[in-house]
Amino acid sequence: MRIVISYAREDRAVVDELCDTLRSLGHEPWTDAGAHSGGRWWDEIIGRIQQCDVLLAVTSPASLASKACTLERQYALALDRQLFPVLVAPVSMQGLPSASAQVHFFDYTVRDGPATARLAQSLGQLPRSRPLPHPLPPPPPPPLSYLNLIADRIATLVADPHLQERMVTDLTTGLRASDPEEKATAADLLRRFIEHENSLQGPAERARHALSGAPRQRPAWQGWQAGPPQPGRVARSRVTKVLAWIGGATVGLVALGVWAAVSLGGDTPGGNGGGGSGVVPAATVSRSVHDDLVSRGHQPGTVTCGDLEATVGATTYCSATGLPNGGTNVRVTVVQGGNVVGWDYPN
């Protein structure tokens, strides 16, 4: 019997044991062991499901939360393949998808001799596989498609600070996903990004910080939920305090400031007695503020800022849809070599 095993990577040890048991019973189990997220990986899974007699769905809290496992189950049912859920860890039956809740679960939470005998009997009693429908239903798109895109970008990584900052922000968001596969893939891609020879220092430091799981300081404004800072309200701040809570976002801004200086042409602003001040473009400020707020757990919509001069004390205002009172001030606190390397959100 051709058996495709659908599982979450957290259950890998159980799956290895299950594969050995199935082979001893004369079956041909297939898993995607050793594969990584990507288009070709997903194409192979789709092809295997089309050719199989049974989709054995290893069922656990992790697999029920997995986007890939959900898509595999749904596609097997669309193809009229036999679905055989095997319970390997306790789950809430009330929280099961409706299609799975209607199928009898084989309890394999205790894996001993009697359980193996029952498994052999249950598989032997499954009905013969039916012909594939014609035409075939369209296959589902690869899960975690945004991570697939980031994986492609890392493979051909360019030294673009804006692109790298956005990639790190998206991967950091992936670390907080409920899907365990998404979390694990995001973590793996962050490591690959850090190790790439073209990764820039600022984004790489943010990636290391995200992987470390270090808790972030509260923003300089206290009690964000009670209302964000208002335009024109300026409070005393110290550079050391700003640098403490700004964390990885400050490092990322270094790269952005360098880019801004280079893109303006000429000498680095403020360096070598140039006398002038550089300007961080409004689009760059908007993108950085958005990423900074997201990294702190806020969910702003569109963030629109003005230009920000590379001068200590220079301010601009950012409107941010989805946040209380609609926006926040941004003030430059640290400039090195004419580049902005620190800012805060004054009250």
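Author: Start with Arg 23 and Asp 20. Their side chains form a salt bridge, 3.5 Å from N to O. The term means a side-chain nitrogen of Lys or Arg within 4 Å of a carboxyl oxygen of Asp or Glu. Both residues sit in helix H1, residues 12–24. They are three residues apart, about one turn of the helix. Helices (H or I, at least four residues) and strands (E, at least two) are DSSP runs, numbered from the N terminus.

A word on the basis. This is a predicted model, in which local features need pLDDT of at least 70 and side-chain atom pairs count only at pLDDT 80 or more, while totals for chains, interfaces and linings use all residues. Residues are numbered from 1 along each chain as its sequence is written, and side-chain values use heavy atoms, with hydrogens and water left out.

Back to the pair. Asp 20 is exposed, at a relative accessible area of 51%. Arg 23 is partly exposed, at 48%. The classes are: buried under 20% relative accessible area, exposed over 50%, partly exposed in between, with a 1.4 Å probe and protein chains only.

Now the helix itself. H1 has 13 residues. From its first C-alpha to its last it reaches 19 Å, close to the 18 Å expected at 1.5 Å a residue. That expected span is 1.5 Å times one less than the number of residues.

Which residues of H1 are buried? They are Val 14, Val 15, Leu 18, Cys 19, Thr 21 and Leu 22. They cover an arc of only 165° around the axis, so they lie on the same side of H1. The arc is taken from the directions from the helix axis to the C-beta atoms. On the other side, Ala 13, Asp 20 and Ser 24 are exposed. Just after H1, Gly 26 takes a positive phi of about 90°.

What does the buried side meet? The buried residues of H1 pack against S1, strand S2 (28–30), S3 and helix H6 (113–124). Contact here means heavy atoms within 4.5 Å.

Take S3 next. Six of its six residues are buried, so S3 is largely enclosed by the rest of the structure. Val 54, Leu 56 and Val 58 point one way. Leu 55, Ala 57 and Thr 59 point the other way.

S3 has parallel partners. S1 and S3 pair in the parallel sense over four bridges. Two strands pair if DSSP finds at least two bridges between them. Val 4 has Leu 55 of S3 as its bridge partner. S3 also pairs with strand S4 (residues 82–87), again parallel, over six bridges. There, Thr 59 has Leu 87 as its bridge partner.

Arg 2 and Asp 53 meet at 3.2 Å, N to O. Arg 2 lies in strand S1 (residues 2–6), and Asp 53 in the loop between helix H2 (39–51) and strand S3 (54–59). The two are 51 residues apart, and the pair links distant parts of the chain. Arg 2 is partly exposed, at 42%. Asp 53 is buried, at 17%.

For comparison, consider a pair elsewhere. Glu 165 and Arg 206 meet at 2.5 Å, N to O. Glu 165 and Arg 206 are both buried. The count of salt bridges comes to ten.
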